[in-house]
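Subject: Model handover

Hello,

Here is the model we talked about. Please load it first, then read my notes below alongside it.

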Amino acid sequence: MTETLLDIVQQLMNGIMYGAFYALVGIGFTLFFGVMKKFNLAYGSTIMAGIYLGLIPLNLWKQPMWVVFVTCVAGAVVVGFVVEFACFRYLRKGHELAPMMTTIGMLILIEDAVVIATHAAPFEYPNIFGDESFELGPFLIRPDYLAILIAGVVFVVLLYLLVNRTTFGRAMRAVAENPAVSQLLGVSVTRTNTLTFALTSALGGATGYLVAMTFGALQPGIATWMTIKGLVVIVIGGLGSIPGAIFAGLLLGVVEFQALWFLGISYRDIFAFLLLFAFLVLRPSGLMGKAA
Amino acid sequence: MDYYVAVLSIIGMHILLGLSVYVVAITGQLSFGQQGFYAIGAYLAGIGTALWGIHLLPAVLLGMTAAGVMGFLVGFPALRVKGLYLGVATFGFGEIVRLVFLNVRYTKTIGGKLVGPNGAEGFRHVSYIYDRGFTQAQYLAVIYTAVIIVAGFVYFLERSKLGARFRAVEEDEVAAAMAGINVTAVKVFAFTLGGFVAGLGGALFVHYSTYIDHQMVTLPLAVSSVIYPMLGGLGSFWGAILGAALLIFLTEGLRFLQEFRLVVYGALIILTMLFRPRGIIDEAMVLRVRAFLRRQVAPSA
Amino acid sequence: MRNIVVGSVILTWFLMLSPAAVSAFQEEGTLRVGGMWALSGPAAYIGKSSKGLSALAIDEINEAGGVAIQGKRVKLAMSVYDDACKAEEGLTVVRRLADSDKVLFSLGPTCSNVAEPVFGTLQKRLGDATDTGLQFLFFTDTAIKFGLAKISPWAFRNVGNEPAMFELAFKLVKERHPELKTVAVAYESDFAHSVSTWKGATKPALEKYGYQVLDIVEWRFEDVEFGAQVTKLRKANADILVMMTHTFSTCGAVKEFKRQRVKAKLMVGITSSASTETMVGCGQAVEGMIIPTNFATINPKAKAVAEKAWAKYKADSNLHSVPAYENLYAIKGIVEKVGIKNEPATLLQDRRKVRDALATLGTFQGVIGPIKMNGDNDPVKPRDVDKAIILVQAKNAQWTVWWQPPEMEKK
């Protein structure tokens, strides 16, 4: 009995830490939708591209990890601009589904471009948090997962400060509320959108850097994987809501890890979607979202 | 010759998939889960011919009906959600179907071979048409008979009052409800119809390829099925047909590019959406074509 | 304006579909061969290596003067296509190779789930006019699932025999390490090769040599998180860890072993992992893993092939890719011996001649040793080969030979 209890708590801790990663990805998606009212389905591939770009200083120029971090973030921002330019800037208004399709096209393009560039070979990211889990009583904690949780908290706090205490943050909130009126009041909607893009991509790059270390070997398929997880998180949490994304991400992590431990791999995936359906049935606009 | 027949066959089955997304899309619901119905149609029709020894037509009808019933069942919860939520929810449905088939094991030993859905190892030896000496060309005729029947049905649907109701619901649900349209009935009917059509496509596919497994009905198929009508155009059912044909021609025509294919594929989707957000055959073009045809019929104003 | 652009793009697509110019092959001095492999998608790293090794063979053969047909020396020309490890793509590609590019035979496919339906569309009864299956010859280098060549008399394979490989592996492990008695197993529950190898090859071998299976865990081919499964393996505390998993997830899992301080006395891996990619992906972490394979650089020829393939094509030489090289040489030998006409009109007869010769080939020379092709009448594995099994072990991020057949010692 205590064994089961210990297992529950262990998987709960793992689930919360991993859920922080899901939450961060979800926050990125939800920022796009909240401010720009558009779906950026290429976000996952932006993160993945940032990670792979980080391999260049790592393997070719043998740079230390902080250089890799900067490259991940900067790389993601650059790729983010490419996405913005190709998929959003010249899109005519009024067709809400078109950005979804262009970003799907971009997702396919970027994923294949990375496969070509890397010859589909696996690469590894050295784990700056060490290769061993440390013990906390009867539990094992992965230092890299803990780092993601801590980083997640830090990012969310910084984001909160940015959104609520800076002029730019006020501009973001204004544009999210009502772009037409904001424009009238002197807020440059295009500039706000572009900066939001950059900010979200940077967040993605930083998240990518941290999560890449947790992988055994990098594969381009993580782009699609992150996209699906991110979408599930924002649907559960509510489009446009950052607290919703946080809670939903953590919840998803917890449910997945518990389901995997007690029921096995098949049920892990099924339960993740059942959780999704449960929310759609009970709270169709998500935990904290406005009605879509 | 055989190569072109093969390409046309694949196009035919994908047209059905595209049409199934289309009929649901014109009520304003974008479903990323039609591949789930495709899978149900494929597995059940395959079980019909390979395990239960029934003939092709009843097996296909079985697959279609199972998928249609599933469509009906999915249509109700789908009422509660819209937009991206619906897209993610339907994708989730498609994934659950796929995961169920990943775990289903229902095999019999027939003629010395293990036949039947076998979990991750797939469902093989659905060799009905090859056992009976169908030629590629004959099966192509079967596929396109199905396509023509479905396309014809959709053609008449679009011209009917029900078709108008579909479009009304897409345009503005509240207004449609106020005008006396039973929005629930329309949307659920659309999902049911979409299920039937996708199930038909799957049932035909499994006999063409003799094999189906869970990896064949996952995200890339979901994305393709939505891209066909979106690229081809949501103005008319011809859009889904055009989209499927174009994209499969693209896949084949770019084969010489080998691994660069997907990069070009993605770029083309982006470019088409930038130039024509409602697809190539969008509503504007449909109106123009209709006006043009009317002028031909009555040249003197 | 836009419509003109769209229209011309569509026209270009139609044109691209047209087949390669069909002149008399012998006239233009080429012998056409084909290859269909997974060049994109998760199995791309395997397919690309096969492509590279085939390109090496073609270069070598062409540089040495080509193939002698009807008194003339013709060069090999290869049409390569990507099937992305998807059955649907395979079904159209095979027809393109057979009808449009009119190749004599094809290498590949990489994935067993593509080979299954593609072989299913081939003719089943030779010479039977009522059998409308495709009359097209495959000489496979990679798709390894047991029994695929049985599907059609036009399907031949030069691939490993996994049941025999794992039987030998555990026999030797039992001999060299009799103190190891318990195992725990991990496999990818959504990847056909993993599932069928575990069920058809590894499980019977473990049973035969009396190993006790303490636990079996599963994950997905593309999974990146293995904590729960590894914790279960840690609790099982088995002597041997049997990893029927492919490179990406193997790397993830073995790193998790280190994290959770799971220390097996021995690890046994799936055949496909014996490649350079695994070393690049997680060299140190798989230290000590033993894998049965059919290729290692145990003689100068093998070393030379491996070095050239890497230098010229960045292609790894392993049990999946080297057969592509071997098969081309084998077909060259057959073509020169039976004499084909190499003309479009005689394509079907030429394919049939080569097919029949391949069925009665007997033994041919592979890179590390002789390979025996079983004929049509073999009761268990028709048109599959018997060849030497080598066991390799990961040492210092290199695959070193742990055991090789006695007749191959001291070369």
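Start with charge in chain A. It has 15 positive and 14 negative side chains. The centres of those two sets lie 20 Å apart. Chain B has 21 positive and 14 negative side chains, and there the centres lie 6 Å apart. Keep in mind that this is a predicted model.

**Chain A**

Chain A has eleven helices and two strands. Read from the N terminus, the order is α-α-α-α-β-β-α-α-α-α-α-α-α. The radius of gyration is 19 Å, close to the 19 Å that the globule rule gives for 292 residues, so chain A is as compact as a globular protein of that length. Along the principal axes, its C-alpha atoms fill a box of roughly 65 × 50 × 35 Å.

Of the 292 residues in chain A, 61% are buried. Take the contacts in chain A between residues at least 6 apart in sequence: 76% of them join residues at least 24 apart. The accessible surface of chain A is about 11600 Å². Carbon and sulfur atoms hold 71% of that surface.

**Chain B**

Chain B has 13 helices and three strands. Its radius of gyration is 20 Å, close to the 19 Å that the globule rule gives for 301 residues, so chain B too is as compact as a globular protein of that length. The box for its C-alpha atoms is roughly 70 × 45 × 35 Å along the principal axes.

Buried residues account for 63% of the 301 in chain B. Among its contacts with a separation of 6 or more, 75% are between residues 24 or more positions apart. Chain B exposes about 10900 Å², with 70% of it from carbon and sulfur atoms.

**Interfaces**

Chain C has contacts with both of the other chains.

- Chain C with chain A: 33 residues of chain C are in contact with 36 residues of chain A. Together they bury about 3000 Å², 52% of it on carbon and sulfur atoms. On the chain C side, Val224(C), Phe248(C) and Arg259(C) lose the most area to chain A. Those three give 25% of what that side buries.
- Chain B with chain C: 46 residues of chain B are in contact with 43 residues of chain C. The buried area is about 4100 Å², and carbon and sulfur atoms give 59% of it. On the chain B side, Tyr3(B), Glu121(B) and Arg255(B) lose the most area to chain C. Together they make up 16% of what that side buries.

Is Val81(B) buried or exposed? The cut-off for buried is under 20% relative accessible area. Val81(B) has 5%, so it is buried. Its place is the loop between helix H3 (56-78) and helix H4 (83-103) of chain B. Leaving out residues up to four places away in sequence, Val81(B) touches Leu280(A), Pro284(A) and Leu86(B). The C-alpha atoms of Val81(B) and Gln29(B) are separated by 9.1 Å, although the two residues are 52 apart along the chain.

Thr90(B) is in helix H4 of chain B. At 4% relative accessibility, Thr90(B) is buried as well. Which residues does Thr90(B) touch, not counting residues up to four places away in sequence? They are Leu30(B), Ser31(B), Phe32(B), Gly33(B) and Phe191(B).

**Backbone points in chain C**

- Pro109(C): a cis peptide bond joins Gly108(C) to Pro109(C), with omega at about -5°. Pro109(C) lies in the loop between strand E4 (105-107) and helix H5 (112-120).
- Gln70(C): phi is near 50°, a positive value in a residue other than glycine. Gln70(C) sits in the loop between strand E2 (67-69) and strand E3 (72-82). Its relative accessibility is 53%, so Gln70(C) counts as exposed.
- Asn237(C): phi is again positive, near 50°, in a residue other than glycine. The loop here runs between helix H8 (227-236) and strand E9 (240-244). Asn237(C) counts as exposed, at 60% relative accessibility.

Best wishes

How values were computed: Residues numbered from 1 in each chain as written. Chains lettered and ligands numbered in written order. Predicted model: local features only at pLDDT ≥ 70, side-chain atom pairs only at ≥ 80, totals over all residues. Heavy atoms only, no water. Helix = DSSP H or I, 4+ residues; strand = E, 2+ residues; numbered from the N terminus. Rg over C-alpha atoms; globule rule 2.2 N^0.38 Å. Buried < 20%, exposed > 50% of the residue type's maximum accessible area, 1.4 Å probe, protein only. Contact = heavy atoms within 4.5 Å. Areas by Shrake-Rupley, 256 points an atom, 1.4 Å probe, with all protein chains shown as cover. Lys, Arg positive; Asp, Glu negative; His and termini not counted. Charge placed at Lys NZ, Arg CZ, Asp CG, Glu CD. Buried area = accessible area lost by both parts, 1.4 Å probe.
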